[in-house]
Amino acid sequence: MTVHPPVTGHCDELQDALGAFRVSSRITERWGEALAPTLTHGGRLLAAGNGGSAAQAQHLTAELVGRYRDDRPAFSAIALHADTSSTTAIANDYGVDAVFARQVRAHGRPGDVLMLLSTSGASANLLSAADAARAAGLRVWAMTGPAPNPLMLGSDESLCVEAPSSATVQELHLVAVHMLCAAFDAALDAGRGGGGGRTGEAT
C-alpha cells in the first residue's frame with residue numbers, strides 16, 4: 001500500500017483509488033437504466049446509511065425527488081435515516097439494528113429498490129435492512145468499501161470501492177451517486193422509463 005503525506009496525500013490517495021473505480025463504476029449505468037422504469041411506473045427508491053454514508057444516501061434521494069441537472073418530473077425516493085422521529089422511536093423500542101429494517105417493511109413494496117451505503121460493509125442495521133428488503137421483494141443495491149464484505153454478499157448487486165480510508169470511499173460514493181443520476185436521466189431521455197415497471201426481479 002502506498003503511504004502518502006498528510007493533507008496533499010489525500011488527493012494522491014483519491015487519484016490512486018479513482019483508477020480502479022472507473023472500471024467498477026460502470027455498474028452505475030446499469031442501475032440508472034433499471035431505476036428509470038421502476039420509478040416511472042410508481043416504484044420507490046429507499047436509501048440508508050450511517051454517518052457520512054447517511055449524507056450520501058440523502059444526497060441521492062434529493063437528486064431524484066428534486067433534479068440532478070435538467071428539469072424533469074419528481075420521483076419517489078426516501079432517505080430512511082432522515083425521519084428522526086421514526087428512527088429514534090424504533091431504536092428505543094426495538095433496538096438500533098432495526099431502525100432501517102422496520103422502515104423497509106413499512107415503505108417497501110415488491111419491485112422497489114433499497115440502496116445501502118457503507119464504508120465498512122458491515123453495519124448491522126444495514127444488513128438487517130437488506131434481509132428485510134429481500135424478504136419483501138425489493139432489489140438491494142449496495143455501495144461499500146473494499147470487497148469482500150457482508151453487505152456486498154447480502155445484496156443483489158454492489159459497487160465496492162477499493163480505497164484505504166473511509167474518507168476516500170465516501171468521496172467516490174458521491175461520484176457514483178452522480179453517475180447513477182446521470183444514467184437515470186439519460187434513460188428517461190431515451191424513453192427507457194416506459195418498460196419494466198414493478199417486477200421485483202433483480203438486475
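This is a predicted model: local features need pLDDT of at least 70, side-chain atom pairs count only at pLDDT 80 or more; totals for chains, interfaces and linings use all residues.
The secondary structure of the protein consists of 8 helices and 5 strands. Read from the N terminus, these elements follow the order α-α-β-α-β-α-α-β-α-β-α-β-α. The C-alpha trace extends over about 50 × 45 × 25 Å along its principal axes. The radius of gyration is 17 Å, which agrees with the value near 17 Å that a compact globule of 203 residues would have. Of the 203 residues, 46% count as buried. The accessible surface comes to about 9,100 Å², and carbon and sulfur atoms supply 53% of it. Among contacts between residues at least 6 apart in sequence, 72% join residues at least 24 apart.

In soluble globular proteins, nonpolar side chains tend to be buried together. The largest nonpolar core in the model holds 32 residues, of which W31, L35, L45, L60, L64, M115 and M143 touch the most other members. At least two residues of this core come from each of the helices α1 (8-24), α2 (27-40), α3 (52-65) and α8 (166-189). The strands β1 (45-49), β3 (113-118) and β4 (139-144) likewise each supply at least two. Helix α8 provides the largest share, with 8 residues. Another core lies apart from this one; it has 20 residues, including I90, A98, A129 and A142.

The surroundings of L64 illustrate the packing in the largest core. When neighbours within four places in sequence are left aside, L64 is in contact with L35, L39 and L45 on the one hand, and with R72, P73, A74, F75, A77 and F184 on the other. Of these contacts, L35 and L45 are, like L64, among the core residues that touch the most other members.

Side chains of opposite charge can pair when their charged atoms come close. The structure holds 3 salt bridges. In one of them, E157 pairs with R30, and the closest N and O atoms are 2.6 Å apart. This pair links distant parts of the chain, since E157 belongs to strand β5 (residues 157-160) and R30 to helix α2, 127 residues apart. E157 counts as buried at 10% relative accessibility, whereas R30 is partly exposed, with a relative accessible area of 42%.

A second salt bridge joins the side chains of D185 and R72, with an N to O distance of 2.7 Å. D185 lies in helix α8 and R72 in the loop between α3 and β2 (77-79), so the pair ties together parts that are 113 residues apart in sequence. D185 is buried, with a relative accessible area of 11%, and R72 also counts as buried, at 14%.

The remaining salt bridge is formed by R134 and D131, whose closest N and O atoms are 2.7 Å apart. Both residues lie in helix α6 (residues 124-135), with a separation of 3 residues, about one turn of the helix. R134 counts as partly exposed at 37% relative accessibility, and D131 counts as partly exposed at 44%.

The backbone also contains a cis peptide bond. It runs from A147 to P148, with omega near -5 degrees. P148 is placed in the loop between β4 and α7 (150-153).

Definitions and conventions
Residues are numbered from 1 along each chain as its sequence is written. Side-chain values use heavy atoms; hydrogens and water are left out. A nonpolar core is a set of buried Ala, Val, Leu, Ile, Met, Phe, Trp, Tyr and Cys residues joined through side-chain atoms within 4.5 Å. Buried means under 20% relative accessible area, exposed over 50%, partly exposed in between (1.4 Å probe, protein chains only). Helices (H or I, at least four residues) and strands (E, at least two) are DSSP runs, numbered from the N terminus. Contact means heavy atoms within 4.5 Å. A salt bridge is a side-chain nitrogen of Lys or Arg within 4 Å of a carboxyl oxygen of Asp or Glu. The radius of gyration is taken over C-alpha atoms; the globule rule is 2.2 Å times the number of residues to the power 0.38. Accessible areas come from the Shrake-Rupley method with a 1.4 Å probe; for residues, only the protein chains shown count as cover.
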